[in-house]
Amino acid sequence: MKEQLEQIRRNAMEKLAVSHTLASLEELRLQFLGKKGEVTAVLKQMGKLSAEERPVMGQLANQVRADIEKLLEERRSALEAEALERKLEAEAVDVTIPGDSVSFGHQHPMNQVLEEIKNIFIGMGYQIVDGPEVELADYNFTRLNIEEGHPSRDRSDTFYFDDEDSILLRTQTSPMQIRVMEHAKPPICILAPGRVYRKDEADATHSPMFHQIEGLVVDEHITMGDLKGALVMLMKRLYGEDAQMRFRPHHFPFTEPSCEMDMQCHKCHGTGQVDGQVCSTCHGEGWIELLGAGMVHPKVLEGCGIDPAKYSGFAFGMGLERTAMGRMRINDLRLIFDNDIRFLNQF
Ligand code: PHE
């Protein structure tokens with residue numbers, strides 16, 4: 001029996017030493033110490049022993065049990081420590097690894113230029129106002145002295161919503177002149193940027209949706225000189241002191257007299273040629289048309305309840321995309337709407 005117990009101990013020690021999971025430890029515990037285990041089986045045979053042998057064997061059996069229990073406990077805590085170690089290692093966070101970079105967007109070049117322009121005019125005392133893109137033909141045309149049958153009212157140019165051609169997508173920001181003047185009393189000094197729509201095919205300088213910035217100043221003694229002063233100031237602030245611009249006589253039904261202002265082409269510097277070829281940005285003109293302007297027509301003032309004998313005013317409507325093209329040296333207007341990230345990241 002002594003030999004049997006020693007054998008059990010050796011056997012248990014060997015197996016425990018190579019046991020690498022908590023589950024197999026538990027199996028070994030049952031195998032040796034469980035109710036039907038090997039040590040228990042030996043103890044059950046104690047009855048057969050003589051009175052002298054019994055306490056000796058009993059002590060040995062208890063010793064073997066205690067040894068096995070002790071090793072079991074050691075192995076269990078070792079395995080648990082290993083498991084914890086592995087878990088910590090697996091879950092470890094290396095705080096020195098650089099984080100994933102988050103890419104930020106930025107303002108669109110056209111909006112950057114819009115902000116610049118707004119700030120220049122705010123600096124000259126203008127108030128920024130906003131108005132509807134879905135507009136009444138009355139405001140977009142009629143009250144701007146653009147009569148029924150005028151070519152700009154044509155369905156081939158204008159997006160109408162109804163059969164009576166009375167509701168449309170505004171083709172210009174000029175209806176904002178009416179919307180402001182019908183409520184405000186002079187002095188009026190406003191800037192109204194926004195989207196406008198025309199049935200244009202898209203090319204390097206045209207798009208069916210584009211942006212205009214309307215300006216309107218009405219007060220006593222306002223002259224064409226004030227108009228020119230404001231626009232020259234804008235151009236110098238925007239393009240630098242040596243900005244080149246020119247004013248040409250023009251016709252608009254809602255201003256009299258009227259003019260257009262061009263800026264020198266930023267690509268060919270007014271020569272109309274690039275590397276012996278016709279400049280593609282200004283089509284060889286050397287100039288790019290930026291805006292229409294003029295003195296508010298007396299009929300328009302009168303229609304808004306402003307006495308043209310007492311008050312006069314100037315108005316202008318500039319194309320934002322074209323201005324941004326010059327400011328940011330962009331050669332094709334379609335780039336502004338494409339939203340190609342390679343393009344946008346240049347600004
Ligand atoms: N609304 C005109 C256009 O779109 C521009 C303009 C505005 C002309 C104000 C004169 C005065 O062409």
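Which residues do ring pairs link into a cluster? Phe 121, Tyr 126 and Phe 316. Keep in mind that this is a predicted model.

Let's take that cluster apart. The count of aromatic pairs comes to four. One of them joins Phe 121 and Tyr 126. Their ring centres are 4.8 Å apart, and their planes meet at 70 degrees. Edge-to-face means over 60 degrees between planes, so this pair is edge-to-face.

Phe 121 also pairs with Phe 316. Here the centres are 5.4 Å apart, with 25 degrees between the planes. That pair is stacked.

Now, where do these two sit along the chain? Phe 121 belongs to helix H5, residues 109-123. Phe 316 belongs to strand E11, residues 312-319. They are 195 residues apart, so the pair links distant parts of the chain.

Buried or exposed? Phe 121 is buried, at 0% relative accessible area. Tyr 126 is buried as well, at 7% relative accessibility. Phe 316 is also buried.

Next, a ring with charges over its face. That ring is Tyr 139. Arg 143 lies over the face of Tyr 139, 5.3 Å from the ring centre. Arg 179 lies over the face of Tyr 139 too, at 4.2 Å from the ring centre.

Last stop, the surface. Val 134, Leu 136, Phe 161 and Ile 167 make a nonpolar patch there. Its area is about 340 Å². And where is Phe 161 found? In the loop between helix H6 (137-140) and strand E3 (167-169).

Key: Residues are numbered from 1 along each chain as its sequence is written. This is a predicted model: local features need pLDDT of at least 70, side-chain atom pairs count only at pLDDT 80 or more; totals for chains, interfaces and linings use all residues. Side-chain values use heavy atoms; hydrogens and water are left out. Patches are made of residues with over 30% relative accessible area and no salt bridge: like charges are joined within 9 Å, nonpolar side chains (Val, Leu, Ile, Met, Phe, Trp, Tyr) within 5 Å. Accessible areas come from the Shrake-Rupley method with a 1.4 Å probe; for residues, only the protein chains shown count as cover. A salt bridge is a side-chain nitrogen of Lys or Arg within 4 Å of a carboxyl oxygen of Asp or Glu. Helices (H or I, at least four residues) and strands (E, at least two) are DSSP runs, numbered from the N terminus. Rings of Phe, Tyr and Trp (its six-membered ring) pair if their centres lie within 6.5 Å; planes under 30 degrees apart count as stacked, over 60 as edge-to-face and the rest as tilted. Buried means under 20% relative accessible area, exposed over 50%, partly exposed in between (1.4 Å probe, protein chains only). A charge sits over a ring if NZ of Lys or CZ of Arg is within 6 Å of the ring centre and within 35 degrees of the ring normal.
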